[in-house]
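Here are my notes on this entry. Please read them with the coordinates open.

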Amino acid sequence: MGELGVVDSFTVTFIVRRFNPETDSEPHWQDFDVEMYSTDRVLDGLHKIKWDQDGSLSFRRSCAHGICGSDAMRINGRNRLACKTLIKDLDISKPVYVEAIKGLPLEKDLIVDMEPFFAAYREVQPFLQTSAKPKKEHLQSVEQRERFDDTTKCILCAACTTSCPVFWTDGQYFGPAAIVAAHRFIFDSRDEEAQVRLDILNSKEGVWRCRTTFNCSEACPRGIEVTKAISEVKQAAIRGVRR
Amino acid sequence: MTTVHHHEYDVVIVGAGGAGMRAAIESAPNVKTAVISKLYPTRSHTGAAQGGMAAALANVEEDSWEWHTFDTVKGGDYLVDQDAAEILAREAIDAVLDLENMGLPFNRTPDGKIDQRRFGGHTRDHGKAPVRRSCYAADRTGHMILQTLFQNCVKLGVEFYNEFYVLDLLLTDVKGKSTAAGVVAYELSTGDIHVFNATSVIFATGGFGKMYKTTSNAHTLTGDGVGIAWRKGIPLEDMEFFQFHPTGLAGLGILLTEGARGEGAILRNASGVRFMERYAPTIKDLAPRDIISRCMVQEVAEGRGAGPNKDYVLLDCTHLGAEVLETKLPDITEFARTYLGVDPVVEPVPVMPTAHYAMGGIPTTVNAEVLLDNTTVIPGLYAAGECACVSVHGSNRLGTNSLLDINVFGKRAGKNAAAYAKKAKLPALPKAAEQFVVDLIDSARTANGKESVASIRKELQVEMDRNAQVFRTEKSLGHAQKVIHDLRVRYAKIGIHDRGQRFNTDLLEAVELGFLLDLAEVVVVSARNRKESRGGHMRDDFPDRDDKGYMQHTMAYKKGDDIALGWKPVVITNYPPMERKY
């Protein structure tokens, strides 16, 4: 267990897709050998590169335990959070490939432009809309609260949206994360504007672009059943909301 | 050549965590408001808070805000300003209802109200027994607060400047008074400089836990806002009081909520003994954090630690059952599984104290106005949240009082900043307003010395863990002060690799380290000066509380390269200091 007992370190090769917008016309791959422990995270590996070998390596990170959503990246071809991916869970007999998430404009190394992602989020009206003015709290049963629990877990890391083949080919598609945000309010018993969001998502670039490939569910670091949430929004668009 | 942009706002809020966004929700609908953050708002560390937000709603059992006030005062070992604690506890009820009305999905009682659970130091009728006061959403209450506030900012169309790093506070002389005039920020994506001329400025920049190695804090919590205030001659209050949360994942520092003990989890030593029964017979594992952390360190020091190196204790949740863990504590259950490979459902989790929260910070009035000394307000300047010291936490904050603090005082800061901006004139900018930041960035970008930022930071963190953590002595603090001094000398000779303009996070880390070094020195110097033990500040060489000598707030002032220390009286209203027993 990491620093708790004595654990041997070993060398891991990271192959990182680099891009410096000020000097490079195209991204390129670069190798780094790093001494790691099995309980280290990929984020620790990136830090060791940045702190000991090449300070120009650029990536976002903050909380380092999977709650802030800063460090979604493609690790061995899968979208994951670098701070939630432990070395022991990777096959380190081979190099570990790390690159930026796909489908958003590449800014530098592992950093992409998140603005299109947040723009889609804002479009689904991700906030409670109600005419009720309770003196205290709105009442909500345990079951009503449970109905949308899964989609409240979203940390807006973009791992789902940027794992979606439809999003890669059609940047106009709202993408899974925005639909998750809509789901969270469509199925909240306190909200009165589910239909507005369903109309937005019933459009050309809405839920019907989803091809149910389940990449999004596999990518979600919070374990949200994203594809299921999208299906429920599709159902609601046809049959109306059942809370 | 550096590109400089100019902006004008009524209110500029620095920091987009809970306090900053709560302030924005008050300010933005009324006056032209900007929120500036070095992160995207949803990355802020409010999102990592887990257990809950205290408010005497009395939804599940009898409670009163007066009991909450008392617990806050006693929890802070009587260094709390009691008028501020009263405001905190009284306004807590509306603060929780505000959030629910904004959409926050709290857990519910069987009759559909907001559910509440127990938390450390929160008691019924002045200490008689634990009370259910913490309003919660599983063990992701902070996440829900951050998301809900962000959602409401989206609803209101709040203007955000994301990934803009504020590096200077502009103060100007208006009628003989040092007055806020704006801030200067460095845009991470381009390297451009932005001057924000504003009538009101709110600092809501969070804490500085990254001066410690073992910490629950994010990499980005480097005390930038507090450090800027310090460099501008604003004093810092009670900096020696840093909270070490008892249950960090051993070796990693990742937070496991106190809510686990609120739900009934028990701390055990290597022999399986529930050691808190010995130290706090009435409320045991729900004693305040400072007490529990000390007891844990003591258990380990006396050879009763668990594990191959006997260097941690165990948090036993196994008797809670899988359902409670999966529904009320799902995130921490997953953290233990992911990062330690330990399943809390079937085995106890290795834990040790982790640097968690700064009780001290920028001194403010109860209206969130920043103080230049014990009484003088800086017109137009406000602070709220962890970066501020009101002081509602005194020498030790109670769990669930920080999510409360950001909401109550974030709201007050936003309201008051907007009201001030409506009546005051936009102050003229000082001459060459951007120059300090232009020079700071240029010298960092071109730094070509031999010293490494990462090495200096690591040595600082190791030293702070070793000599300025749960137990302190004159000797340990003296050592820390010397080490920090040497590190500062080396910091002047750093080199960085990245010479680029765009997303230069190498440069960013170098600048952040400067703030950490400044603040670590203030923490250690303030701690050396307080020769007593109180709340989160435990001196092995002065083990007792000394109300005659030290029943007052520390005020640290920057005097050139030196630190001058003064005192500020504690506001006492209803609760004369008593011995603190649980």
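Which residue of E8(B) stands opposite B:Asp173? B:Ser178 does.

1. Basis. This is a predicted model, in which local features need pLDDT of at least 70, side-chain atom pairs count only at pLDDT 80 or more, and totals for chains, interfaces and linings use all residues. Residues are numbered from 1 along each chain as its sequence is written, while chains are lettered from A and ligands numbered from 1 in the order in which they are written.

2. Strand E7 (residues 164-174) and strand E8 (residues 177-187) of chain B run antiparallel, joined by 10 bridges. Strands pair if DSSP finds at least two bridges between them. Helices (H or I, at least four residues) and strands (E, at least two) are DSSP runs, numbered from the N terminus. Two residues lie between E7(B) and E8(B) in this hairpin. In the turn, B:Lys175 has a positive phi of about 50 degrees. E7(B) is mostly covered, with eight of its 11 residues buried. Buried here takes 20 or more other C-beta atoms within 10 Å of the residue's own; exposed takes 12 or fewer, partly exposed lies in between, and C-beta atoms are placed from the backbone.

3. Helix H12 of chain B. This helix spans residues 435-445, and B:Val437, B:Ile441 and B:Ala444 are buried in it. They are on the same side of H12(B) because they cover an arc of only 65 degrees around the axis. That arc is taken from the directions from the helix axis to the C-beta atoms. The face turned away from the buried side carries exposed B:Asp439, B:Asp442 and B:Ser443. The buried residues of H12(B) pack against E7, E8, strand E9 (193-203) and helix H15 (505-529) of chain B.

4. Chain A overall. Chain A has nine helices and seven strands. Its C-alpha atoms fill a box of roughly 60 × 45 × 30 Å along the principal axes. Of the 243 residues in chain A, 52% are buried. Among contacts in chain A with a separation of 6 or more, 67% come from residues 24 or more positions apart. A contact needs C-beta atoms, placed from the backbone, within 7 Å.

5. Strand E5 of chain A. Strand E5 (residues 96-99) runs parallel to strand E1 (residues 10-18) of chain A, over three bridges. A:Phe14 stands opposite A:Val96 in E5(A). E5(A) also pairs with strand E3 (residues 72-75) of chain A, in the antiparallel sense, over two bridges. There A:Ile75 stands opposite A:Val98.

6. Domains of chain A. The assignment gives domain 1 (3-112) and domain 2 (115-239). Such bounds come from an automatic or database domain assignment. The domain centres, taken over C-alpha atoms, are 29 Å apart. The contact takes 13 residues from domain 1 and 14 residues from domain 2. On the domain 1 side, strand E4 (residues 78-81) of chain A gives the most, with three residues.

7. The A–B interface. Here 43 residues of chain A are in contact with 49 residues of chain B. Helix H1 (42-53), strand E6 (106-108) and helix H3 (142-147) of chain A each supply at least two residues of the chain A side. That side divides into 17 nonpolar, 14 polar and 12 charged residues. Ala, Val, Leu, Ile, Met, Phe, Trp, Tyr, Cys and Pro count as nonpolar, Asp, Glu, Lys and Arg as charged, and the others, Gly among them, as polar.

How values were computed:
Contact = placed C-beta atoms within 7 Å.
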